[in-house]
Amino acid sequence: MLEVKDLHVYYGAIHALKGISFKVEDGEIVTIIGANGAGKSTTLRTISGLLRPKTGEIILNGVHLEKMKAKDIVKMGVCQVPEGRRIFANMSVQENLELGAYLRNDRDGIKKDFDRVFSLFPRLAERKSQIAGTLSGGEQQMLAIGRALMSRPRIILMDEPSMGLAPILVEQIFNVIKEINSEGTTVLLVEQNAYMALVTAKKAYVLETGNIVMGGTASELLNNEEVRRAYLG
Ligand code: ATP
């Protein structure tokens, strides 16, 4: 359903993505693993329309996204959970979630999705009126995911959801990712936590300094000697 073909992205003179290609089929969890600076965030930000590729194609169910505005890409059902839990710190939990649904006007659907987010994250339900900036790191990550779900995406792009979280929370977040996926949302996940990403995903790619150097099923990569040495310690 989502296909990225020969994507080149620059920051001025810096060639950040050097012709990457990959596919995400409907209903899958696909992960891109890689070290700091490999280009993982750049990949997601380009799919979301926050960055423009110099050349290459991004095709969602036959529709080209590479020249579309970010807002129209959200309308197409693609939503990103940004790295570092960029929530609106001065607004309440409830208001943050409402903003996730700002492009929708189906009231009943929105109400259902509020219930869904609160059942996925009971913590957020207890803290509806709390100011988001005062939530713990893990709760802010849950809110960032919840806000993305409020746009009812067909595909959710997750940028390092485990970053900075204690191991127990990392596990919780990955369980939620599996649950979201089992309810029908396709997931593209970029991660430095290669182990958790590979045990969660179905397919995986390895990104190194702007090139995809390997791809396969997640279990193949999990058992691959090079991947083990470089990413699994
Ligand atoms: P991290 O996990 O550290 O965020 P990443 O794999 O997400 O790493 P990117 O943030 O996509 O990596 O960065 C890819 C490359 O592009 C890096 O070399 C980075 O320094 C460069 N880069 C990223 N953003 C900019 C920018 N705004 N201006 C210039 N160079 C940038």
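The talk below takes a few such words in turn.

Modeller: Please keep in mind throughout that this is a predicted model.

Biologist: What makes strand 4 and strand 5 a pair?

Modeller: Two strands count as paired if at least two bridges are found between them, and 2 bridges join strand 4, residues 55–60, to strand 5, so the pair meets that cut-off. The two strands run antiparallel, and Leu-60 has Val-63 in strand 5 as its bridge partner.

Biologist: Which sheet do they belong to, and what is its strand order?

Modeller: They are part of an open sheet of 4 strands with antiparallel pairing, in the order 2-1-4-5.

Biologist: Why are strand 2 and strand 5 called edge strands?

Modeller: Strand 2 (14–24) and strand 5 (63–64) each pair on one side only. Helix 1, residues 40–47, lies across strand 1, strand 2 and strand 4, and runs at about 70° to strand 2.

Biologist: How do you know which residues line the largest pocket, and which are closest to its centre?

Modeller: A residue counts as lining if it has an atom within 4 Å of a pocket point. The largest pocket holds about 610 Å³ of space, and 23 residues line it, with Val-74, Cys-79, Gln-80, Pro-82 and Arg-147 the closest to its centre. Helix 2 (70–75), strand 6 (78–81) and helix 6 (137–149) are among the elements that each supply at least two lining residues.

Biologist: What classes of residue make up that lining?

Modeller: The lining has 12 nonpolar, 5 polar and 6 charged residues.

Note on methods:
Residues are numbered from 1 along each chain as its sequence is written. This is a predicted model: local features need pLDDT of at least 70, side-chain atom pairs count only at pLDDT 80 or more; totals for chains, interfaces and linings use all residues. Side-chain values use heavy atoms; hydrogens and water are left out. Contact means heavy atoms within 4.5 Å. Axes are lines fitted to C-alpha atoms, for helices over the stretch in contact, and angles run from 0 to 180 degrees between N-to-C directions. On a 1 Å grid over the protein atoms alone, a cavity is a set of points where a 1.4 Å probe fits but cannot get out, and a pocket is an open set with protein on both sides within 12 Å along at least five of seven lines; lining residues have an atom within 4 Å of a point. Grid points are joined across faces, edges and corners, and a volume is the space filled by probe spheres set on the points. Ala, Val, Leu, Ile, Met, Phe, Trp, Tyr, Cys and Pro count as nonpolar, Asp, Glu, Lys and Arg as charged, and the others, Gly among them, as polar.
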